[in-house]
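Please open the structure in a viewer and keep the selection tool at hand.

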Amino acid sequence: MKVKFRTFLASCTVIGCSGIAVYAQTGNTINEDVVSLDSCRMLALGNNKAIRIAEENITAAGHTRAAARTAYLPGLDFTGGYMYNQRQIELLGEDAKLPTMSFDPAKGTYEYNVVTQGGRPVIDPSTGHPVFSEIAVIPKEAMSFDTHNVFAGAFTLAQPVYMGGQIRALNKIARYGEDMARSLHDQAVQDVTYQVEEAYWGVVSLNEKQKLARSFVNLVDSLRHNVTAMVEEGVATRSDQLTVDVKYNEACLTLTKVENGLSLMRMALAQICGIPVDTKMTLKDEVNISDEVMLPESLTTDMEEIYQRRHDLAALRSGISMLEGKEKLVMSDMLPKLAVVGAYSFSNPNMNHGFEKRFGGGFSIGATLTVPLWHWGGNYHKYQAAKSNTRAQRMLLDDMEEKVSLQVNQARYSYSEAFKTYEMTVNNLKSADENLRNAEIGFQEGVLTTDDVTAAQTAWLQANSEKIDAEIGIRLCNAYLSKVAGLSF
């Protein structure tokens with residue numbers, strides 16, 4: 001009996017642990033006395049951190065898309081700077097001496113003023129140049145400018161004209177990124193809803209098994225009292241009493257384990273719902289669980305429709321579209337880029353009037369054209385790598401669709417099997433009830449032993465436990481079938 005009880009307790013623990021996740025949200029209270037499954041779902045959807053993270057990702061994707069749209073518009077920037085120079089600018093190393101010219105009416109041209117002797121210009125033997133009679137002097141200091149402290153700045157306006165399709169590709173990537181974020185959010189909602197379903201029915205299952213364990217304790221206890229009385233009357237042996245006592249202790253231990261498992265499962269459900277784990281709440285199906293079970297439905301929906309409903313596949317499709325956009329983005333590196341640029345630049349000192357010691361500047365407008373010519377095939381290899389990534393993502397989508405098809409078929413078979421199992425457990429329970437009744441009558445009449453009665457009681461307990469598992473199993477299979485088919489709960 002220990003082995004059998006450990007088996008059903010282990011199955012209950014698996015059901016409970018699969019629903020446990022870190023979704024606690026303190027400060028919430030349950031105002032209603034009886035909480036329904038829908039109420040638990042609403043609590044989880046309102047407080048779950050995974051869903052909140054997904055919502056923030058949607059917000060971030062929306063801002064990213066808005067930022068991508070601004071790339072079509074002109075951008076205005078300001079650039080400023082300061083520089084200290086150790087030395088100033090001196091255009092002359094020494095005073096400059098420049099020859100002068102006079103107009104010769106006879107020739108009608110300007111001639112240099114040179115020293116003549118005998119009608120011929122005097123040549124300076126050291127330089128080989130004529131000796132000028134008049135010169136103009138430019139002092140060295142007149143061509144020296146104070147550039148120790150230089151301030152400069154510019155307002156620049158750039159308007160993209162053609163960027164090789166880069167801006168359009170960025171906008172498509174941002175749009176599909178937002179679609180992916182929404183699909184992942186919907187997937188997170190579906191996952192959390194299914195976790196609530198698992199934990200909710202786990203609590204209901206353990207609650208029913210707690211009732212069953214108490215009934216089993218009372219049943220064994222009744223037998224224990226009867227055997228004790230029979231021992232006193234001499235119609236039963238001490239060995240019979242010890243056997244029943246052992247069974248009674250095992251039943252009490254089983255009840256304790258079920259109660260502890262139920263407490264932990266309640267905590268798990270509260271954690272998923274985002275409320276304090278010590279919150280006291282009674283589930284609607286604990287008070288009155290319906291004996292009716294849902295008939296297995298034939299899911300005739302076309303697989304293509306299921307593929308379209310599945311949020312994880314939708315996220316993969318958005319990922320493929322993003323990778324296709326990345327291909328175009330890489331392709332833009334191999335195409336010309338044209339932009340119009342306008343600027344207002346200023347500096348101090350400024351060169352508008354000979355390095356004046358004040359701010360001065362002016363406007364300028366132009367265009368920039370960048371044409372990639374030769375990069376040793378680097379851009380080509382980047383483009384081919386992007387195409388390979390896209391093909392790999394498409395193959396991943398095909399593989400996921402095949403797995404989804406297998407998943408849906410497995411869920412169908414599990415659903416049908418769960419219903420058949422339920423029908424068998426109902427028949428088994430009827431047989432176990434009758435067997436226990438006959439065993440008790442036979443024991444009272446002295447034709448059966450305590451071992452026969454305890455065996456019948458154990459079979460009765462197992463039949464009831466299997467019926468509870470089958471009832472909960474049908475509900476969980478129905479929820480899982482809806483999940484894999486992409487349907488809302």
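**First stop: Ala411**

Select Ala411 and display its surroundings: leaving aside neighbours within four places in sequence, Ala411 is in contact with Tyr480, Leu481 and Val484, where contact means heavy atoms within 4.5 Å. The model is a predicted one, in which local features need pLDDT of at least 70 and side-chain atom pairs count only at pLDDT 80 or more, while totals for chains, interfaces and linings use all residues. Residues are numbered from 1 along each chain as its sequence is written, and side-chain values use heavy atoms, with hydrogens and water left out.

Ala411 is found in helix 9; helices (H or I, at least four residues) and strands (E, at least two) are DSSP runs, numbered from the N terminus. Ala411 is buried, with a relative accessible area of 2%. Buried means under 20% relative accessible area, exposed over 50%, and partly exposed in between (1.4 Å probe, protein chains only). Draw a distance from the C-alpha of Ala411 to that of Asn478: the two are 67 residues apart along the chain and separated by 8.5 Å.

**Along helix 9**

Next, select residues 378-445. This is helix 9, with 68 residues, reaching 96 Å from its first C-alpha to its last, close to the 100 Å expected at 1.5 Å a residue; the expected span is 1.5 Å times one less than the number of residues. Just after helix 9, Gly446 takes a positive phi of about 85 degrees. At 73% relative accessibility, Trp376 counts as exposed.

**The nonpolar cores**

Now select Cys40, Val196, Tyr200, Trp201, Leu269, Leu283 and Trp460. These have the most contacts inside the largest nonpolar core, which has 50 residues. A nonpolar core is a set of buried Ala, Val, Leu, Ile, Met, Phe, Trp, Tyr and Cys residues joined through side-chain atoms within 4.5 Å. Two or more residues of this core come from each of helix 2, helix 4, helix 5 (238-273), helix 9 and helix 10 (450-484). Helix 4 gives the most, with 17 residues. Apart from this core lies another, of 20 residues, among them Met303, Leu316, Leu397 and Tyr415.

Which residues does Trp201 touch, not counting those up to four places away in sequence? They are Leu37, Asp285, Ile472, Arg475 and Leu476.

Move on to Asn207, which is found in helix 4. At 8% relative accessibility, Asn207 counts as buried. Asn207 touches Leu262, Arg266 and Glu286, with residues up to four places away in sequence not counted.

Select residues 49-69, which form helix 3: it has 21 residues and reaches 30 Å from its first C-alpha to its last, close to the 30 Å expected at 1.5 Å a residue. Colour Ile51, Ala54, Ile58, Ala61 and Ala68, which are buried. They cover an arc of only 90 degrees around the axis, which puts them on the same side of helix 3; the arc is that of the directions from the helix axis to the C-beta atoms. On the other side of helix 3, Ile53, Glu56 and His63 are exposed. What covers the buried residues of helix 3 includes helix 2 (37-47) and helix 4 (166-233).

**The aromatic cluster**

Show the side chains of Phe78, Tyr82, Phe151, Phe155, Tyr344, Phe346, Phe359 and Phe363, which form one aromatic cluster. Rings of Phe, Tyr and Trp (its six-membered ring) pair if their centres lie within 6.5 Å; planes under 30 degrees apart count as stacked, over 60 as edge-to-face and the rest as tilted. By this rule the count comes to 13 aromatic pairs. The rings of Phe78 and Phe346 have centres 6.4 Å apart and planes at 20 degrees, so the pair is stacked. Phe78 lies in strand 2 (residues 75-84) and Phe346 in strand 13 (residues 337-348), so this pair ties together parts that are 268 residues apart in sequence. The rings of Phe346 and Phe359 have centres 6.0 Å apart and planes at 65 degrees, so that pair is edge-to-face.

**Last stop: a cis peptide bond**

Finally, select Asn348 and Pro349. The peptide bond from Asn348 to Pro349 is cis, with omega near 0 degrees. Pro349 is found in the loop between strand 13 and strand 14.
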